Amino acid sequence: MSEQTVWRFSDDRGQVSTAGRRPARVLAYVQAGAALWDHGIRPSGIFGSGHDDPVVPDEAKTGSLPLAGVAYVGAGAALDVDALLNGEPDLVVAVSYGGGQVYGLDPETAKHLEGHVPVVVIDVGQARTLAEIGDRFAELARSLGAEEPAAAGQELDAARDRLRALVAGPDRARVLALSPAGLEQAHLARPRMWPELRVLAELGVGLVEPAEGPGANWSTVGWDQAAALEPAVVLADIRAHATALPGDGPWAAVAGSARVVPWNPEPVCSARAHARFLALVADALEA
C-alpha cells in the first residue's frame, strides 16, 4: 500500500476501490446502510430501490438504523448522479444480486457515479450464505475502522441454539414465507432461494416448499392455494410495497390460527439483526 493509498477494499465484482484517507461519509443502499450501522458505521445517507418511495425510506429495511440525521436521497427514477452526490459522500456502498450489477441504480447512473466516488458492491444474492454476506459487511466495516460488538455473535449463537432445540422433535410446525400481493394472490417464497430462509431450514425449521412451476424466487398463487398449505407460522413480507395479509376469504381459517412473523426479504446482514429474526421465529414456534 503506497503512502498515497491509505484505504483500499476489493468488492464482490473484484473491483478495488482506493482512497487517500479512510472514507468517513458513506452513502449506502438502505439494506447496506442498516448492516453497516450494526457494525458501528453511521452512514451519512441512504438510497432505495425502484420498489421504494422516492421521498420516505422503507422502515422495514432500515433495521435499527436511526433515521434522524441520515439523509434519504431517494429511490428509483428520482436517483441520478447529482442526487447521489449531493451530500458529498466519499464512498458509496451498494448491493448486487449477482452479475455485479448495482441493485437500485440505473446502469448508466452507476457507471457515471464511479467516475466521481469509489463504489463498493456487496453481493447479497442467493448464491451466497447469509454468513458469507455478513462476513463481507464485517470486512468492509473493519476497513472503515469499526466492528460489530462480540456480544452480537453471542446473541446469534444463543438464538440458533434455542431455535434448533425447539424444532428437534418429529412433529415440526409448518412454516410458510410469503409476500402478500393484494386480495387475490400471494407470492410464496422458495426457501432455497433466500439466504435467511436457508438458515432456518439448516436449523431444522419445517419450511413449506411451494410446488414447482414458474418463478425462480416466488410461486404466485391464489389465497386458496396458499391456505391449503395449512401453515402454523407465516413469515409475512413487511416491506412497504407488500400488501397486508387478508383477514377473510380463503385465508380466513389460517388468519385465525397461524402465528405471523414479520419478515424482510432484504435482511439486515448483521449478527444482531439475524439473532432478532431467529428469536421472533422461535417465539412463534413456541407459542
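Student: How much space lies in the largest pocket?

Tutor: Rolling a probe the size of a water molecule over the atoms shows where empty space is left. In this model, which is predicted, the largest pocket holds about 430 Å³ of space.

Student: Which residues lie nearest the centre of the largest pocket?

Tutor: Tyr-97, Trp-194, Trp-218, Arg-239 and Pro-265 do, out of 27 residues that line the largest pocket. Two or more lining residues come from each of strand 8 (174-180) and helix 6 (195-203).

Student: How does the lining of the largest pocket divide by class?

Tutor: The lining comprises 15 nonpolar, nine polar and three charged residues.

Student: Let us turn to helix packing. At what angle do helix 5 and helix 9 pack?

Tutor: Helix 5 (residues 150-166) and helix 9 (residues 271-286) pack at about 25°, and their axes are 8 Å apart. Angles under 35 degrees count as roughly parallel, and helix 5 and helix 9 are therefore roughly parallel to each other. Where helix 5 passes helix 9, the crossing is left-handed.

Student: Which residues in helix 5 and helix 9 meet?

Tutor: On the side of helix 5, the residues include Ala-152, Leu-156, Ala-159 and Leu-163. Those of helix 9 include Ala-275, Leu-278, Ala-282 and Leu-285. Charged residues also take part, among them Glu-155, Arg-160 and Arg-162 in helix 5 and Asp-283 in helix 9. By class, the contact of helix 5 with helix 9 has 13 nonpolar, two polar and six charged residues.

Student: At what angle do the axes of helix 5 and helix 6 cross?

Tutor: These axes cross at roughly 55° and come within 9 Å, which makes helix 5 oblique to helix 6. Arg-160, Leu-163 and Arg-164 in helix 5 meet Val-199, Leu-200 and Leu-203 in helix 6. The contact of helix 5 with helix 6 has four nonpolar residues, two charged residues and no polar residues.

Student: Is the crossing of helix 6 and helix 9 left-handed or right-handed?

Tutor: The crossing of helix 6 and helix 9 is right-handed. The axes of helix 6 and helix 9 cross at roughly 55° and come within 12 Å, so helix 6 is oblique to helix 9.

Student: Which residues form the contact of helix 6 with helix 9?

Tutor: Glu-196, Val-199, Leu-200 and Leu-203 in helix 6 meet His-274, Phe-277, Leu-278 and Val-281 in helix 9. The class division here is six nonpolar, one polar and one charged.

Definitions and conventions: Residues numbered from 1 in each chain as written. Predicted model: local features only at pLDDT ≥ 70, side-chain atom pairs only at ≥ 80, totals over all residues. Heavy atoms only, no water. Axes fitted to C-alpha atoms, helices over the stretch in contact; angles between N-to-C directions. Helix = DSSP H or I, 4+ residues; strand = E, 2+ residues; numbered from the N terminus. Parallel < 35°, antiparallel > 145°, perpendicular 65-115°, else oblique. Left-handed = near helix turned anticlockwise from the far one by under 90°. Contact = heavy atoms within 4.5 Å. 1 Å grid on protein atoms, 1.4 Å probe; cavity = no way out; pocket = protein on both sides within 12 Å on 5 of 7 lines; lining within 4 Å. Points joined across faces, edges and corners; volume = space filled by probe spheres on them.
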